[in-house]
Amino acid sequence: MPKNQMPNQTPDQIPDRTPERMPDWEKFLRDRLELPRMQERRDDRMIRELADHLEDRYREARLEGASPEQAEAAAMESLGDLQLANGDLVAAEPARLAALGTRWARSQEDRARGRGGAWTRIADFARDLRLSVRVLARRRLFSLAVVLVLAVGIGGTSAMFTLVDSVLLSPLPFNDQDRLLSVSHTAPKIGFDDAGQCAAWHYTYEADSRTLERLGMYEVGSVAVTGAGDPEAVAALFVTSGVLDTLALVPELGRTVLLTDEGPQAAPVVLLTSHYWRTRFGGDRAVIGRLLEVDGTRHEIVGVVPDDIAALGERPDLILPLRADKSALYVGNIGYGAVARLRAGVTLNQVAEELQRLLPSAWERYPGGPIATAEDVRAFSVVVVPLKQRLVGESASLLWVLLAGVGLVLLVACANAANLFLVRTADKRTEMALRRAIGASALRVRWEYIKESLILSLAAGLLGMALAALGLKALVAVAPVQLPRIQEVSLSPLVLLTTFAISLVAGLAIGLLPALRAGRLGAGEALVGGCSRGALKGSSQRFQSTVAIAQVALILVLLIASGLMFRSFQKLGQVEPGFGKPENVQTLRLYIPPDEVPEIEDAALVFETIARRLEQVPGVDGVALATAIPMDGNNNVNAFYAESSSKEGAGRGVIKRHKWVGGEFFSVMQIPIVAGREIEWQDVQNRLPTAVVSASLAREYWGSPEAAIGQRIAARPEPPFWYQVVGVAGDVRDDGISQEALSMVYWPQVARGFWNGTSADSILAWRDNGFAIRSNRVGDSRFLGELERAIWEINPQLPLLQSATLPELMARSIASTSFLTQLLAVASGLALLLGLAGVYGLVSNSVSQQSQELGIRMAFGASARDIQVLVLRQGLVILVAGVLLGLGLTLGLRNAMGHLLFGVSPSDPVTVAMASVSLALVVLAACYFPARRAAAVDPMDVVRAN
């Protein structure tokens, strides 16, 4: 008999002893379970342990006689639902981590106690906090609600405070900023509200002032960088040598602008700002001495200056000398910026008095020009203010209003959290009474409440910081470009410290009342009915109602403020700008440098040629040419004289806005001609002394547009060179939708005998002009490229210095109003949601407390409607009191927002009524559902319970 054959077995009955191939259970599990990578490779150990379990179950099934397929199915069945198993394994990881964290914390506490002394108290304090965190973690819904509500308020306040801090509170990035001044001039009697600075005034003060240590003048503009591929338009800052010295900016490389660079014959030099140096030249330190072609002229790069210079306005790429020929200067060409540094020990008033005394000598030192009469000299006043005040301007009131708005949201959030904690107080009364009964002091009991509120508020502060960082990106993205120092916005240490302080104060505030009430809890209350759950009566209920009333009042203030801004924005949208169909207008701006076209008349011809070529681009209906397109920010103000007029003092010059336009400007812009005709290309080409005035100017000087036709006007007094008024155009809001239309004088693009001291045949034209292209293709991504290529066909060295659609220019002019409207709408919306939750929670909690009373009322015959009215009455009292208080608070909006509104009174009855009604609907809706629940109480359940 063969060795391995059993008795009575044939060879066919002998079992197959070939080793059975086991399924790869580890691969099976990895393919089906989605375990994250865990610490210490615990996921791998879990897989191996489960694989061993499946293998054991498989072997057991095979030994019991199951086929391989049946054994595999039995093993899988023992594992159960794979998705459920996966969830259990993943959930086990944080629980394990929490346990490890708890053990580590205990070990640290024990180690601290072992050191004795103050460390024992620290260890006890840490243990106290840890236990409170564990308690709060068990009440997830309550804790999450408090943290989220507070985080919204803290995050919004922190983000807005960051903006205020960066723009208003943080010092300028210059040394001794308290000694830095802005110098400008005003002459309201002749039409100058803000004349800025001019070269004649600047050089007079620079030579004779004894109160100023240094003085500089600057202008923001654009230049073309050419000679290396397509021409590039970059932002530039033109400065006199005193600007960088006044600001005490030390160059990173090379030198600054010198006095010798200001002369008209000086070698052309340029400085790079740090960011342009890094982006275009890769931070190459050998850049000094290289040549850069700017506006067609090769400039030597002589230095690199810090980006701090951007604090003067828009961030420039290049710094160029502001040149002037002192032999040809006169008082005119105003509008420059000016910075100055005080001498030590000198006051602001002393500077203003000295400069006012020096002002008339500018006319003596630099005679001539369009502003030259003795009366004009007396009309001007010097304005000296701190530089920061000048740069911030009207943005301060805008930002303070926004900060107040989000501050109200924070107060509403704190009120909500306080009410939640009062409800939490009811749940803890039994526990706290028992603590008092076994010997806990009142201080210890109070600490239990303060501790929880502080933990949750600090957690909310951390989440609020994250929300603030996200909100800040959104704020910067939608902030108007006019907002100064916007590029400096960041979460500074001061902001983080402020956020921490806000969190602490909020935590103390919301935990204070529960703590005070708990401290008065008698030790015997643990043994009597006074400690029953939900027994919130007396002062707690009154406080909750008071908080709810305050919430309603604050929400109403926000709703009215938001409504006023929305109404202003709505009014602005209804304003007629003075031109038609702006959605079909694309604007461009070009500059023709002298090195490209030396003669000014030839430059004017190039502009006309470009306009003709642009008209040939497919889809173009017309092209307007002017020194300034409405609302593009470019303007020119000069003297204006009328030969005859019924206006008193008309023979004396006043300052008016001036534009030089090509033919068909009014037709293309769809500015109506109310009398006469417009300036035509024939007037430009033949140098005809014709002019068009605005309707408001015509009425001011001659009584009516019709009477202005044929009148003669000039821009210089002695001897005058007269232009004949051939047309009167409709008024245009040239400075923006929110600004009143200005009196305007339109001259031909090429004018003769314009300035004092020039002959009748001398030509005036401008090297930078704007184009307005009317087409139904505006907005087409390819259209702007076709326009650019058409320009380069005429001259390939001319980049587009500015390009925007007319609606974009209009939107920029009301960007501040839009910005304020959007943010106040968000703030009021958040406050409304928080208020809805607060009132609902208050009334709902009140219904829960009064369920016994309400049931008894119904048992004695009260109907469901009576119960609903009873509950709604509570909400109605809160609503009425809150609205009355809110209306009183809105009186402060008159001063805070009056100058930010357009066409709307701060006490606009429509806005107040709509805000009040909207709030009433929300509050009543918040009360309705608890009232409905109260009406559904079964009185028999209440009777049986008693």
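How many helices and strands are there in the chain? There are 29 helices and 23 strands. Helices (H or I, at least four residues) and strands (E, at least two) are DSSP runs, numbered from the N terminus. This is a predicted model, in which local features need pLDDT of at least 70, side-chain atom pairs count only at pLDDT 80 or more, and totals for chains, interfaces and linings use all residues. Residues are numbered from 1 along each chain as its sequence is written, and side-chain values use heavy atoms, with hydrogens and water left out.

**The whole chain**

- The chain has 946 residues, and 49% of them count as buried. Buried means under 20% relative accessible area, exposed means over 50%, and partly exposed lies in between (1.4 Å probe, protein chains only).
- Accessible areas come from the Shrake-Rupley method with a 1.4 Å probe; for residues, only the protein chains shown count as cover.
- Take the contacts between residues at least 6 apart in sequence: 79% of them join residues at least 24 apart. Contact means heavy atoms within 4.5 Å.

**Nonpolar cores**

- In soluble globular proteins, nonpolar side chains tend to be buried together.
- A nonpolar core is a set of buried Ala, Val, Leu, Ile, Met, Phe, Trp, Tyr and Cys residues joined through side-chain atoms within 4.5 Å.
- The largest nonpolar core has 69 residues, and Met160 and Leu163 touch the most other members.
- Several helices give two or more residues to this core, among them H6, H13 (395-437), H14 and H16 (539-573). The largest share, 13 residues, comes from H16.
- Leaving aside neighbours within four places in sequence, Leu163 is in contact with Leu399, Leu475, Leu483, Ile486, Val489 and Phe819.
- A second, separate core of 58 residues includes Ile737, Tyr746, Ala804 and Leu806.

**A nonpolar patch on the surface**

- Leu144, Leu148, Leu463, Leu467 and Leu470 form a nonpolar patch on the surface. Together they have about 440 Å² of accessible area.
- Patches are made of residues with over 30% relative accessible area and no salt bridge; like charges are joined within 9 Å, and nonpolar side chains (Val, Leu, Ile, Met, Phe, Trp, Tyr) within 5 Å.
- Helix H6 (140-169) and helix H14 (442-478) each give two or more residues to the patch. H14 supplies the largest share, three residues.
- Leu470 lies in helix H14. Leu470 counts as exposed because its relative accessibility is 59%.

**Helix H5**

- Helix H5 covers residues 118-138, which is 21 residues. The expected span of a helix is 1.5 Å times one less than its number of residues.
- Ala123, Asp128, Arg130, Ser132 and Leu136 are buried in H5.

**Leu322 in a loop**

- Leu322 is found in the loop between strand E8 (318-321) and strand E9 (337-342). Leu322 counts as buried because its relative accessible area is 9%.
- Leu322 and Glu262 are 60 residues apart in sequence. In space they are 6.0 Å apart, C-alpha to C-alpha.
- Not counting residues up to four places away in sequence, Leu322 touches residues including Tyr203, Met217, Phe238, Glu262 and Tyr336.

**Salt bridges**

- The structure holds 30 salt bridges. A salt bridge is a side-chain nitrogen of Lys or Arg within 4 Å of a carboxyl oxygen of Asp or Glu.
- Asp176 forms a salt bridge with Arg341, with the closest N and O atoms 3.7 Å apart. Asp176 lies in the loop between H6 and strand E1 (180-186) and Arg341 in strand E9, so the pair ties together parts 165 residues apart in sequence.
- Asp176 is partly exposed, at 41% relative accessibility, whereas Arg341 is buried, at 5%.
- Arg390 and Asp194 meet in a salt bridge through their side chains (3.0 Å, N to O). Arg390 lies in helix H12 (residues 387-392) and Asp194 in the loop between E1 and helix H7 (199-208), so this pair ties together parts 196 residues apart in sequence.
- Glu601 and Arg687 also meet through their side chains in a salt bridge (3.0 Å, N to O). Glu601 is partly exposed, with a relative accessible area of 37%.
- Salt bridges that share partners join Asp176, Arg179, Glu213 and Arg341 into one network.
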